[in-house]
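Subject: Structure handover

Hi,

Here is the structure you were waiting for, with some notes to go with it. Please open it beside this email and follow along.

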Amino acid sequence: MILYHGSDQIIEIPELRTATRTLDFGTGFYTTTNKEQAINFAVKVYDRSLRTGETPKGKFVSIYEADYEAMQKQLDILRFDSPSDEWFDFVIANRRNTQQLNRKYDVIYGPVANDTIYRTLIAFETGELSKTETIARLKVRQLFDQMTFASERALSFLKFLSFMEVSNV
């Protein structure tokens, strides 16, 4: 399986870092199978670095290989195949920083709640949408995936292949 990670730097050796903001699947190293999503994230991270006064090195997508079959045999994986009640509860709990379940898993895989989807989640949190309405809206959107490596053991399955620099998009 080929995985991508968008950033403002090349990440040859992934590591677990505590996030400065709440994320869908909690603390971990986030990847995706969708190259375009990783490119968009590299641009977003680069722009965020500029806004905070940092000097980013560039816009990069690091490319990895992971043996998913071996991971399934050796790691504890939580997998969400589509937006479901369980996925929704998990994401909301992580975004509210009340989720502790992700610490039980080495890898968490499922749909990504990107910025467009985040607006839908906010509509739920402000009471504009019910949980059922929110999930129904999410199911009709094109959702990309994310695979979060949440343990050192899981990170050992990632093999850095190469990187690509993202031109101005």
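A word on terms before the notes: a residue is called buried under 20% relative accessible area, exposed over 50%, and partly exposed in between, using a 1.4 Å probe and protein chains only. Helices (H or I, at least four residues) and strands (E, at least two) are DSSP runs, numbered from the N terminus. Please keep in mind that this is a predicted model, where local features need pLDDT of at least 70 and side-chain atom pairs count only at pLDDT 80 or more, while totals for chains, interfaces and linings use all residues. Residues are numbered from 1 along each chain as its sequence is written, and side-chain values use heavy atoms, with hydrogens and water left out.

**Overall layout**

The protein chain has six helices and seven strands, arranged along the sequence as β-β-α-β-α-β-α-β-α-α-β-α-β. Of its 169 residues, 47% are buried. Taking contacts (heavy atoms within 4.5 Å) with a separation of 6 or more, 82% are between residues 24 or more positions apart.

**Helix H3**

Eight of the eleven residues of helix H3 (residues 85-95) are buried, so this helix is largely enclosed by the rest of the structure. Among the buried ones are Trp87, Phe88 and Phe90. Just after H3, Asn97 has a positive phi of about 65°.

**Strand E3 and its partners**

Strands count as paired if DSSP finds at least two bridges between them. E3 pairs with strand E1 (residues 2-7) in the antiparallel sense over six bridges, and Ser7 has Phe60 of E3 as its bridge partner. E3 also pairs with strand E7 (residues 159-165), again antiparallel and over six bridges; here Tyr64 stands opposite Phe160 in E7. Five of the six residues of E3 are buried, so the strand is largely enclosed by the rest of the structure.

Have a look at Ser62, which sits in E3 (residues 60-65). Ser62 counts as buried because its relative accessibility is 0%. A polar atom of the Ser62 side chain lies 2.9 Å from the backbone nitrogen of Ile11. Beyond four places in sequence, Ser62 touches residues including Leu3, Tyr4, Gln9, Phe160 and Phe163.

**The four-stranded sheet**

An open sheet with mixed pairing is formed by four strands in the order E2-E6-E5-E4. Strand E2 (29-31) and strand E4 (77-79) stand at the edges with a single partner strand each, so one side of each has no neighbour in the sheet. E5 and E6 run antiparallel and are joined by five bridges; Pro111 has Asp145 in E6 as its bridge partner.

**Nonpolar cores**

A nonpolar core here is a set of buried Ala, Val, Leu, Ile, Met, Phe, Trp, Tyr and Cys residues joined through side-chain atoms within 4.5 Å. In the largest one, of 17 residues, Phe29, Met71, Val107, Met147, Phe149 and Leu158 touch the most other members. Helix H2 (68-74), strand E5 (107-111), strand E6 (145-149) and helix H6 (152-155) each supply at least two residues of this core, and H2 gives the most, with three. Apart from this core lies another, of 15 residues, including Tyr30, Leu78, Trp87 and Ile108.

Key
Polar contact = N/O pair within 3.5 Å; in protein donor to acceptor, adjacent residues only side chain to side chain.
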